[in-house]
Amino acid sequence: MAPRRVILDCDPGMDDSMAIVMACKSPALEVMAITTTHGNYPVDVTSTNARKMLDLLGRTDIPVARGMARPMVHDSPTDPFSHGADGQAENFLPEPRVPLCTLHAVDLIVDTVLAHPGEVTVICTGPMTNLAMALIKDPRVGPALAGVVAISGAFGLNEHAYANATGDTPQSEWNVYVDPEAAEIVYNSGVPLVAIGLDVATYFEVDFSDDDLAQLEASPRPEASFLRQAIRYVTGRGYDPYCTIIDCMAIGYLIDPTLVDTFKGRVGIETQGRLTYGMTVLDSRHHHTWGHLPEIDIARTADYGRFLTILRDLVLA
Ligand code: BDR
Ligand code: CA
């Protein structure tokens, strides 16, 4: 089967960096472009970090375009979780040699999608500002997209969803919290959207075994050392190892959609609430459901064992 064409829109970030590793090394995917956004760090930092990863992987053939520097309406918030001084779990990779693409990320998304109508999936592992702007800039983009797969939202499906809330309100997820207006545009666009929320993307069943860690340490691959250092960095700060690979679940889903079980649900984005700002509100009522809310595919569970095997095999390959 031909590989699936994807654009990875991201804000690296240690787990975005690992998503780049997975996507670029998987034979199931053809990464047409990496577009960067503000989010975990300012867009200059995320653009540099994306290029550092491509240098590390020897994939300097993939264009990296810098995107939006701030959310559509509000100011950029400060992330309560830190990805380290360099935004890459203090791996301190060398400065990138690969130059930035001369196009803005929004234009690269528009051009790439329109050049391959019906074929390109955009993967969002950061705030959705770039994609929302592309949908506004050229109304042909929405109908030409194959779909969107995003690390987005928290839907209250299990105890992890809100216990691990990453936004800076009690029940919001960071990517939506940073730019809820952009998320609202994408959710309402009519483009098929799979939202993998914190219910599934933060998980405690996942851990790296001693054998996994030994294999990462023994590997000559720099991406294996990158992940090993990231695990050391987060566990050293009292967090669980899954923090290093949250965004990778979107890549896992695209490599093999049977990894993630989804259901259809209507979701509204809270753009105003004092306590609920940035929340993805799932209308799960069995009566009087709001038909005006967009219906999307929401991740319910994942096969973490199989996911980790795919991830580990790709990192070590
Ligand atoms: C998201 O927050 C960011 O810190 C991670 O990179 C991930 O995309 C999870 O809420
Ligand atoms: Ca991210």
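A salt bridge, as the term is used here, is a side-chain nitrogen of Lys or Arg within 4 Å of a carboxyl oxygen of Asp or Glu. Please bear in mind that the model is predicted. By this rule there are 18 salt bridges.

One of them joins the side chains of Asp 55 and Arg 97, at 3.8 Å from N to O. This pair connects distant parts of the chain, 42 residues apart: Asp 55 belongs to helix H2, whereas Arg 97 lies in the loop between strand S3 and helix H3. Asp 55 is buried, at 14% relative accessible area, while Arg 97 is exposed, at 70%.

Glu 223 pairs with Arg 221, with the closest N and O atoms 2.9 Å apart. Here Glu 223 is buried, at 0% relative accessibility, and Arg 221 is partly exposed, at 28%.

I turn now to the packing. Which residues touch the most other members of the largest nonpolar core? Within its 63 residues, they are Ile 20, Ile 34, Ile 196, Ile 245, Met 249 and Leu 311. Helix H1 contributes the most to this core, with 8 residues. A second, separate core has 38 residues, Leu 135 and Val 186 among them.

Helix H1 also meets helix H12: their axes come within 8 Å and cross at roughly 20°, so H1 is roughly parallel to H12. The residues of this contact comprise 7 nonpolar, 1 polar and 1 charged. Among them are Met 18 and Met 22 in H1, and Ile 251 and Ile 255 in H12.

Terms used
Residues numbered from 1 in each chain as written. Chains lettered and ligands numbered in written order. Predicted model: local features only at pLDDT ≥ 70, side-chain atom pairs only at ≥ 80, totals over all residues. Heavy atoms only, no water. Axes fitted to C-alpha atoms, helices over the stretch in contact; angles between N-to-C directions. Helix = DSSP H or I, 4+ residues; strand = E, 2+ residues; numbered from the N terminus. Parallel < 35°, antiparallel > 145°, perpendicular 65-115°, else oblique. Contact = heavy atoms within 4.5 Å. Nonpolar A, V, L, I, M, F, W, Y, C, P; charged D, E, K, R; others polar. Core = buried A, V, L, I, M, F, W, Y, C linked by side-chain atoms within 4.5 Å. Buried < 20%, exposed > 50% of the residue type's maximum accessible area, 1.4 Å probe, protein only.
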